[in-house]
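Hi everyone, thanks for coming. I'd like to walk you through one protein model today, so please have a look at it first.

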Amino acid sequence: MKYWFVFIVVCTLTVSCKNDIDLNTDNFKPVLVMNGIFDTEASENRLYVSLTGIDTSSPVTEGEAEVFVNGELKETVTHSLMDAEKNYYFPLSANFETGDKVRIKFRTADGSRQAYADTEVPYPVPIDKTEVNLSGTEQNKRVDNLELSVVFTDPPSTENYYRLIVEGEAICYYQSEEGMKKKSRRFVNWFKFGNEPVLMDGKADSGNADTEEIFPTDPPNIYTVFADKRLDSPYTMKVDVSFYSVYDWRRFNVPNPQYVDYVFSVKLIALTSKAYAYYRALNILEWEDYDPVFMNPVKLPSNVTGGGGIVSIQSASSRKFYSYRQDIRRFSYDFPEEN
């Protein structure tokens, strides 16, 4: 970061002054916040509810969540659970299908506050095909990188919003007293897209560190979201997938591991316009160069009536594009034949 230069200039050209302003909190009113981006493929979706405070927010652990699908009440949940990060959420198990109009309604246990969010389930766009070009170096039959081409057809009659992710599944086979067993883990894999104009919002990454700006204006697309305004039909999106971040088999913590199968899939997620705007805002907030002192504040979009937050539903299509086997006994790599 080059903000040290800005700091020196500001200190040189300005005169220090101090002006204390008392914060009046007499009229402060807490706001009920609902957050959740649900998936049509999930067996359980999580609704996080909180109440804003003057300088922090507190989780809401008691209340009633109702799920309406196409005007019909499908589910009522009155208990909360805690996730792995010790955040409270209300578990929802209602099924969502493409085209459904959904309302999520919440009221606190004492009935003093209530809010609701309306959303619609977007239609997933199928992946027509994938192509793989092995572009990395091979050592002991291990491919470090590959170029992935994803072909899909964007519907021209509607405005569409997407997110592209690469998922991996590691399946560890190990020998136990009862025989061969397996244990699996899923993870999101890292990929580069510097030469993909749609994911770069029409720009290209030069890869030259000397061109860094003192006042950077373009946050990276951390959540890899994009709109359809630059898509041809059909469109071929190209990204570079790295295998350096695959799931480490040592983390399985199993006795006598034999080998691990890695299976990689690409997922094209259809988003609502609100979810797309929300991810775009997160790209800025989680940008390492974002500084609220020198940059405009970021306002998170909301579709919650009677409160704040974002509640949306996404649908996706996925396609497997690569797999290989790691033989732990010999620490070599054996590539099975592709389907």
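The lining of the second largest pocket has 10 nonpolar, 3 polar and 6 charged residues. Here Ala, Val, Leu, Ile, Met, Phe, Trp, Tyr, Cys and Pro count as nonpolar, Asp, Glu, Lys and Arg as charged, and the others, Gly among them, as polar. Please keep in mind that this is a predicted model, where local features need pLDDT of at least 70 and side-chain atom pairs count only at pLDDT 80 or more, while totals for chains, interfaces and linings use all residues. Residues are numbered from 1 along each chain as its sequence is written, and side-chain values use heavy atoms, with hydrogens and water left out.

Which residues lie nearest the centre of this pocket? They are R163, I165, V188, Y279 and Q314, out of 19 residues in the lining. Two or more lining residues come from each of β1 (32–39), β14 (161–176), β15 (179–189), β19 (257–271) and α2 (273–285). The most come from β1, which gives 4 residues. Helices (H or I, at least four residues) and strands (E, at least two) are DSSP runs, numbered from the N terminus.

The space in this pocket is about 450 Å³. A pocket is found on a 1 Å grid over the protein atoms alone, as an open set of points where a 1.4 Å probe fits, with protein on both sides within 12 Å along at least five of seven lines; lining residues have an atom within 4 Å of a point. Grid points are joined across faces, edges and corners, and the volume is the space filled by probe spheres set on the points.

Now to the aromatic rings. Rings of Phe, Tyr and Trp (its six-membered ring) pair if their centres lie within 6.5 Å; planes under 30 degrees apart count as stacked, over 60 as edge-to-face and the rest as tilted. That rule gives 16 aromatic pairs. Take Y48 and Y89: their ring centres are 5.8 Å apart and their planes are at 50°, so this pair is tilted. Because Y48 is in strand β2 (residues 45–52) and Y89 in strand β7 (residues 88–92), the pair ties together parts that are 41 residues apart in sequence.

Are these two buried or exposed? Y48 is partly exposed, at 27% relative accessible area, whereas Y89 is buried, at 4%. Buried means under 20% relative accessible area, exposed over 50%, and partly exposed in between (1.4 Å probe, protein chains only). Y89 also has R46 over its face, at 4.3 Å from the ring centre. For a charge to sit over a ring, NZ of Lys or CZ of Arg must be within 6 Å of the ring centre and within 35 degrees of the ring normal.

Another tilted pair is F191 with F193, at 5.9 Å centre to centre and 55° between the planes, and both are buried. F191 brings us to the strands, as it stands opposite V241 in β18. Strands pair if DSSP finds at least two bridges between them. Strand β13 (residues 145–152) runs antiparallel to β18 (residues 235–242), with 8 bridges joining them. One example is E147, whose bridge partner in β18 is D240. Since 6 of its 8 residues are buried, β13 is largely enclosed by the rest of the structure.
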